[in-house]
Amino acid sequence: MTTPITEEENKFNSLIRLDRMPHIWCAGCGIGPAVGCFIRAIESSGLDPDKIALISGIGCAGRAAGYVKLDSFHTTHGRALPFATGLKVGNPDLNVVVFSGDGDLVAIGGNHLIHSARRNIDITVICINNFNYGMTGGQMGPTTPLDARSTTTPYGNVEYPFNVPYLVAASGATYVARWTVLHARQLEWSITEALIKPGFSFIEVLAPCPTLYGRMNKEPQGMNTMHSYQERSVVKDGADPKDVAINYDGQIVVGKFIDTERQTFGDQCKLVLDRAKEKKKG
Amino acid sequence: MSEDGVLCGTFFMNGDVACAEGAISAGCRFFAGYPITPATEVAERMSERLPHVGGIYIQMEDEIASMNAILGASWAGKKAMTSTSGPGFSLMMENLGLGVMLETPCVLVNIQRAGPSTGLPTLAAQGDMMQARWGSHGSYEIIALAPSSPQEIFDFTITAFNLSERYRVPVLVMSDEAVGHMSEKVVIPRIAPEELVSRRRPEVAPEEYLPYKADGDLVPPMAIAGEGYRFHVTGLTHDERGYPIMTAEVQDQLVRRLVDKIRLNRKDIISYEEIGIEDAEVIVCAYGITARVARLAVQQARDAGIRAGMLRLITVWPFAEDRIRELAEQVKAFVVPEINYGQIVLEVERCTAGKASTLLVPHMGGGVHHPLTILKAIKEAVQ
């Protein structure tokens, strides 16, 4: 058995709001491990934490902003991305990260998601996908697999879910990856890459929700879902995002799907300033 | 245009354009918006002019995003603005509340058109006055100004920025289509730096900084992102640290302060203009474009031997209730013309508390009152 790390020894203490512990997440929830990967990625990236801002929307994953010791904004439901857009454009020296859930980013915030990707604004998005709305008690959402049970699909979900990597890639994101929280090292590395890379980077992170989604879908313990990830996940870097849709109990394709280059919104803004200056002179 | 790109001189321009120039003179360097009649020209002007002063215009996917983007930009340290009209104003209400809760300086311009719903997109109204006050959920106070001319929309936009920076609250410029699309002479003075207000910044070290600890004036100093304060802010009910606390006690402290920082400072915020009030037996209480029409009606009433006066509201919210209470002791009646079916008249009626009568002169929208309609109401009120 490994010795637990005590609070005093944890080298990441300076990046965590210890005065806010314990957090609100359930035992077995996958959001905490994803936050851990983000915290470690900050160190791996070598970026100055004073220049990193974290924005969240509303929901279980949205609480992440309250636990990291960064300039952090807990905004309204679905609106983390436009808030982050204003922050990034207002101060391009900031490294802006959005950490929120699938319901927040893909349902109520879906319009902002596709337009942020289209603009290629230099923001990193970490999207926790636990297949349901956890904070409100396990309702179906835009990522709930077909036939899955939730508190609002008691007869099984009949709506087709989004294939989120496909959606953001089609909208123009220049970095798209998917991992589960079981893939802790890959996830940490992926977040590190995304933090450093200019442009709109999107990482979907599958995370267990044993209290709600798991309990209603034969995975009542976080560990059940982790085993399921282990059995179902296949790493396919460079996979075509259109081929990575998730169903109820089939294969989960993980990996880095898109890593490409395109002018960012910030680059384009500089172009506008230059053109306006030219016109004024002429 | 001066070297720094800020306009200076005398111009012939419409209200929407004057509003944009007011913002630029006030130091606004970020604008997020979405096209909507009759406010589009504000956005168009900003897209052309902001690059001249090193600012950024961004066209968002909707008004929800526009409102959020200006909040984000404000936390990056920029003076930020958006403009819209009725339907967009409705969409902005959600995050106007976030702006109030996070205490974020910013300016929201509403070039009002007639509603409900899509209504009369190209024609004037003043139908969003109560929405301006109560449109977002929860208990809060807001500041709203009502200009009557292109010159005033220029001037009041600067005032709006100053008040928002001073009180850390979104400030609304409640104009309308008539003012927005009216072209007139606008004098743009050179604004001295000391005429512009900037939010108070923290003077303590990051480890001692409490984002929502306010002193005497109830307005806490504001850190901005990227300066090492590593603060947390949330739309949840929060304590002085900015941390969410889900109790009635903390809710009480927070909401009281958010409301009181405006209410208790109302003498500093509220501004109005009085014409012929001293001996008046009837007062026309008007704002925005309607005040401009009412001015003529009041003059005509005087010419007809009626002791009429005018209380013209510059700040509509917070409401000039102290002054109306005083005047209610003196006059017989208040006549309230407005381009809606009765909104600000309710406030006037509340403040008169039965000591003077109130008479609404409604206009459903699509134009402005005829001065004779207001004159007729003045005559009726003194009978």
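Which strands of chain A does helix 2 (residues 80-90) of chain A lie across? In this predicted model, local features are given only at pLDDT of at least 70 and side-chain atom pairs only at pLDDT 80 or more, whereas totals for chains, interfaces and linings use all residues. Residues are numbered from 1 along each chain as its sequence is written, and chains are lettered from A and ligands numbered from 1 in the order in which they are written. Helix 2 of chain A lies across strand 1, strand 2, strand 3 and strand 4 (123-129) of chain A, and runs at about 175° to strand 3 of chain A; axes are lines fitted to C-alpha atoms, for helices over the stretch in contact, and angles run from 0 to 180 degrees between N-to-C directions. Helices (H or I, at least four residues) and strands (E, at least two) are DSSP runs, numbered from the N terminus.

These strands belong to an open, mixed sheet of nine strands, in the order 7(A)-8(A)-5(A)-6(A)-4(A)-3(A)-1(A)-2(A)-10(B), where pairing requires that DSSP finds at least two bridges between two strands. Strand 7 (233-235) of chain A and strand 10 of chain B are the edge strands, each pairing on one side only, and neighbouring strands are turned by 20° against each other on average, direction ignored. Strand 1 (residues 52-56) and strand 3 (residues 95-101) of chain A run parallel and are joined by four bridges, with Val97(A) as the bridge partner of Leu54(A). Helix 8 (residues 222-232) of chain A lies across strand 5 (175-180), strand 6 (201-206), strand 7 and strand 8 (252-259) of chain A, at about 45° to strand 7.

Between the chains, strand 2 (residues 71-74) of chain A and strand 10 of chain B run parallel and are joined by three bridges, His232(B) being the partner of Ser72(A). The contact takes 39 residues from chain B and 34 residues from chain A, two residues being in contact if their C-beta atoms, placed from the backbone, lie within 7 Å. On the side of chain B that touches chain A, helix 3 of chain B gives the most, with nine residues.

In chain B, the buried residues of helix 12 (residues 344-352) are Ile344(B), Val345(B), Glu347(B), Val348(B), Cys351(B) and Thr352(B), a residue being buried if 20 or more other C-beta atoms lie within 10 Å of its own. Seen down the axis of helix 12 of chain B, these residues fall within an arc of 155°, so they line one face of the helix. Ala353(B), which follows helix 12 of chain B, has a positive phi, near 45°.

Definitions and conventions: A residue is buried if 20 or more other C-beta atoms lie within 10 Å of its own, exposed if 12 or fewer, and partly exposed in between; C-beta atoms are placed from the backbone. The arc is that of the directions from the helix axis to the C-beta atoms.
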